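Dear colleague,

My notes on it follow.

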There are 2 protein chains.
Amino acid sequence: MSDRTVTMEDTISKLFAEKKFSVLKDVLATINGADIAAVFNGLEPESLPLLFRLLSKDKASECFVEMEPDVQEKLIKGLSDTELREIVNDLFVDDAVDIVEEMPADVVKRILAQADPQMRREINEVLKYPENSAGSLMTTEFVALKPEMTVRQALDVICRTGVDKETIYTCYVVDQSGKLAGHVSVKDMILALNDDLQMRSIMNPNVISVNVHDDQEKVAEDFKKYNFLAMPVVDDENRLVGIITVDDVMDVMEDEATEDMQIMAAMTPSDKTYLRSKPTELFVHRIPWLLLLMVSATFTGLIITKFEDALAVQVVLTAFIPMLMDTGGNSGSQSSVTVIRAISLGEVDWKDLPAVVWKEGRTAILCGLVLALACFAKLMVLDRLVLGNADVTLSVALVVCSAMLVTVIVAKVIGCTLPLVAKKLKFDPAVMASPFITTIVDAVSLLVYFGIAKSVLF
Amino acid sequence: MSDRTVTMEDTISKLFAEKKFSVLKDVLATINGADIAAVFNGLEPESLPLLFRLLSKDKASECFVEMEPDVQEKLIKGLSDTELREIVNDLFVDDAVDIVEEMPADVVKRILAQADPQMRREINEVLKYPENSAGSLMTTEFVALKPEMTVRQALDVICRTGVDKETIYTCYVVDQSGKLAGHVSVKDMILALNDDLQMRSIMNPNVISVNVHDDQEKVAEDFKKYNFLAMPVVDDENRLVGIITVDDVMDVMEDEATEDMQIMAAMTPSDKTYLRSKPTELFVHRIPWLLLLMVSATFTGLIITKFEDALAVQVVLTAFIPMLMDTGGNSGSQSSVTVIRAISLGEVDWKDLPAVVWKEGRTAILCGLVLALACFAKLMVLDRLVLGNADVTLSVALVVCSAMLVTVIVAKVIGCTLPLVAKKLKFDPAVMASPFITTIVDAVSLLVYFGIAKSVLF
């Protein structure tokens, strides 16, 4: 949303509206495909093919992959079979697969009909892997070299075939049976250009690879850990079947973070951008969780009902319920979100449970003591003296503050434990964030509060 | 935390404990530096230099940059000046800067004393830019080519100087005054190897660059948008001063997401990993927010106190306070987290406020109606019939359900508006997440609830 983009979009829209197509063609040639795609996302369906035809062949596919899926669909409907064929066969396989996965069946049929046989085979190869697996992320367009090739021969291979490859910067050396033997970067090749060596002597045989069935979250973790530009994907026999490039992993990282945040805020994750989601779609993603959490709040209601008589006598106690519940909920969600993120980043695991509980327990005691003291001061000074609420007696203050201390400690320990338990049980730890913790902590804090109140005040 | 890593760490620790140093040396040579760093993170300070001396020169710096800052510090203290000099001068400038920024003054002094003059100058160059700016992320080790160079000359330059460059895959063409004239990838050079052209004819003159003072969040957005491997950084006169590589941007993306999540859960962000944070550090990051939110909950207390007499008559109303407040809080945080994430990803901006409110408003009406109906059914069937709570009359149920509807709508509209207002006022929108929204929504829901109750029941 930089100023630069906005101005450019305006210029293009203006030239397009004024039908200055030849000027527009020259302008478009100087602009990055991703920026042009942003213009397409804002156009009427009937204008899409018109503007698209002004793009050069390379720019057209560069731009096409960056459009929103619904825009791609509308555009495809406006293109002839010949035009569609040109785009489809110009795409990288992983991009083609992404598009096929988003389109309705009739559009997919048209796309596959226009793909040439080699492309169609490769699309189908990638399509057979489950969503979110390494196989579904990979592309089959990589540079494979033989161990006995010299640097010059290898560069010659790259020179001849590289234009269709997703990356040429990391090349893979495979033996006769297709097994991954090593990796070699173009940097190493160029640096060894003057003393012409064989691949086997410059390649690194200790290749880190992922299995086609590995989860994309593991793939992203490995990319960050090793700072790779590309990662080889192998089958169960260690045969090289594809590569995953860093640009696709950045999308995965972003999607995973978004998904975690959505789940943490009690929503079913969606991969649609916000402004393109309809209210009914947002509704569908949100209402089941709201209903579930509302029904769970029945317990807190039951607890209050059980202590109704006590409350009728000491109505002042009611005034501190929200403060206790909120502070408990906030304390618990601090711990749960911290642990959920640490799990996502691969920093903690089930085996760290004792260390995590010990750390959170000590943090909780510190937080609880300070909060209880502050609360005591607030009750005795603000509520009793300044606001003159005579019902806030010393015993009431002591009840509220000790309930506060216990609630904060319990909330933090529950908050750090549940995500790890969820992980162990193969649930998504993010489910155990604020809303869920809040519901449990509400009930706990009320039980603690009324329990202490009963033994002290009645 | 894959099984592979764990086993490897165990093997290394075992060999090290048994002092089988020559076997260990061979084993270490086959392992990626990032994996070796994980072993260092678990060692006693006195063992660090011993194991470090078993690494080859390249592996040593590869491994050093991946260690946790406190481990780097302990290791440096155990190394001789000569050993330190070797590592420091082997680092990429951006990595050296990261390390210098994390170390205490005495260690920094030792590092800079050992850096050769060129390295020291470059470190100081990068250090002068503010934290989180593009300048502080960049490295000054890039390949700069001249427009009149031929492909062979350019590859020769890369061949001679490339080994010290952070990346050679994107090279930059600069004119005589140091201004950025174009970029050219090694792929383009290799593909043009057979017809030897000048840089000016194969370079792309439409370079997308960032300014040294741009925020790192903008840099990350541009990387994702354009799928770059490296981005040129220019000064105000468009002179090329450095490049940012994709591996550093992945770290930025991850840190920004972590920071957003921490702020959303009402914590001061920290860049220390969880298991390395002391309870006192966690406490310091959490307590100010808990105190602030606890004190804000005074308002809800005041509202309840004000309606105390009404509550004393109809104690049954108290039982539904937690359910109303929680459902309101959850509804509001769904909206706020969705909008906060959309702002972070650059999808929505202040100008989208009307569209966002309109979308959330309609979603809120749908959610509110369903929740109110479900709540009505729950009250009349579960609470009244099944649990036999005769206090739950039809009018009480109607009061609770209409309060629910209004609360959900208000919560969602507040939830989506506040992050955009924060953004407009140059605050971090993430501050406006669950805990903050919950505190406001609590007060609103009570006012609505008691307001409706008063007019219907009394």
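Is A:F458 buried or exposed? A:F458 is exposed, because 9 other C-beta atoms lie within 10 Å (a residue is exposed at 12 or fewer such atoms within 10 Å of its own C-beta, buried at 20 or more and partly exposed in between, with C-beta atoms placed from the backbone). A:F458 belongs to the segment that follows helix 23 (434-457) of chain A; helices are DSSP runs of H or I of at least four residues, strands runs of E of at least two, both numbered from the N terminus.

Please note that this is a predicted model, in which local features need pLDDT of at least 70 and side-chain atom pairs count only at pLDDT 80 or more, while totals for chains, interfaces and linings use all residues. Residues are numbered from 1 along each chain as its sequence is written, and chains are lettered from A and ligands numbered from 1 in the order in which they are written.

Chain B is superposed on chain A by a rotation of 180° with 0.0 Å of shift along its axis, at an RMSD of 0.1 Å (least squares on C-alpha atoms of residues with pLDDT of at least 70 in both copies). The two copies are therefore related as by a two-fold rotation axis. Within chain B, B:A312 comes closest to that axis, its C-alpha lying at 2.8 Å.

In chain B, strand 5 (residues 230-234) runs antiparallel to strand 6, joined by 5 bridges (strands pair if DSSP finds at least two bridges). These strands form a hairpin with 5 residues between them, and B:N238 in the turn has a positive phi of about 65°. B:V234 stands opposite B:L240.

Yours sincerely
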